Amino acid sequence: MCSFIEVADTFLSFKAQKYSCKHLEKRCASHIAHKFDECLRSDALMNLGLSTWLELLQNDEIKVADEKEVFSAVIRYARKQGDKKDEVLITLLPLIRFPYMDNKFLIEEVEPHPDLKNIPLAHELIHEVCC
């Protein structure tokens, strides 16, 4: 479960996005990136805005045991966005580090994923890695 600090960062990130304070949003995303694996255990990440997710996934210091977890979190976040799911996936998928995933997972889990069937970009990204 996320600690108070991660929840506070999520709240600050939301406020930073709402009031267009890009510097604060970037700092919050950086801090969340360092605690990403912990935040995956709660729904705190699901409350972030798309711009914060962009900052988070662009952070080279994102702490996660397995990139598969990033993929799953992005899918969960996109689903939560309802009608904007495909737009969110098109924006965030290129930031997932697919080369760090094993080919078996890409072929058996990512390629046939039902949320990606109408997104040609997803299949292009996977084929860049596998082929």
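Modeller: First a definition: helices are DSSP runs of H or I with at least four residues, numbered from the N terminus. The model is a predicted one.

Biologist: Where is Asn59 found?

Modeller: Its place is given by the helices on either side, numbered as just defined. Asn59 is found in the loop between α4 and α5.

Biologist: Is Asn59 buried or exposed?

Modeller: A residue counts as buried when its relative accessible area is under 20%. For Asn59 the relative accessible area is 14%, so Asn59 is buried.

Biologist: Which residues is Asn59 in contact with, leaving aside its neighbours within four places in sequence?

Modeller: Contact here needs heavy atoms within 4.5 Å. With those neighbours left aside, the residues in contact with Asn59 are Ala29, Ser30 and Ala33.

Biologist: Which residues of helix α6 are buried, and why do they line one face of the helix?

Modeller: Helix α6 covers residues 85–92, and its buried residues are Val88, Leu89 and Leu92. Seen down the axis of α6, these residues fall within an arc of 100°, so they line one face.

Biologist: Which helices do the buried residues of α6 pack against?

Modeller: The partners are two helices, spanning 50–58 and 67–80.

Biologist: What is the orientation of α4 to α6?

Modeller: The axes of α4 and α6 come within 10 Å and cross at roughly 25°. Angles under 35 degrees count as roughly parallel. Therefore α4 is, relative to α6, roughly parallel.

Biologist: Which residues make that contact, and how many of them are nonpolar, polar and charged?

Modeller: From α4 come Leu50, Trp53, Leu54 and Leu57, and from α6 come Val88, Thr91 and Leu92. By class, the contact of α4 with α6 has no charged residues, one polar and six nonpolar.

Biologist: What is the orientation of α5 to α6?

Modeller: α5 and α6 pack with their axes 7 Å apart, at an angle of about 150°. Angles over 145 degrees count as roughly antiparallel. Therefore α5 is, relative to α6, roughly antiparallel.

Biologist: Which residues make the contact of α5 with α6, and how many are charged?

Modeller: α5 gives Val74, Ile75, Tyr77, Ala78 and Arg79, while α6 gives Lys85, Val88, Leu89 and Leu92. By class, this contact of α5 with α6 has seven nonpolar residues, no polar ones, and charged residues numbering two.

Technical notes: Residues numbered from 1 in each chain as written. Predicted model: local features only at pLDDT ≥ 70, side-chain atom pairs only at ≥ 80, totals over all residues. Heavy atoms only, no water. Buried < 20%, exposed > 50% of the residue type's maximum accessible area, 1.4 Å probe, protein only. Arc of directions from axis to C-beta. Axes fitted to C-alpha atoms, helices over the stretch in contact; angles between N-to-C directions. Parallel < 35°, antiparallel > 145°, perpendicular 65-115°, else oblique. Nonpolar A, V, L, I, M, F, W, Y, C, P; charged D, E, K, R; others polar.
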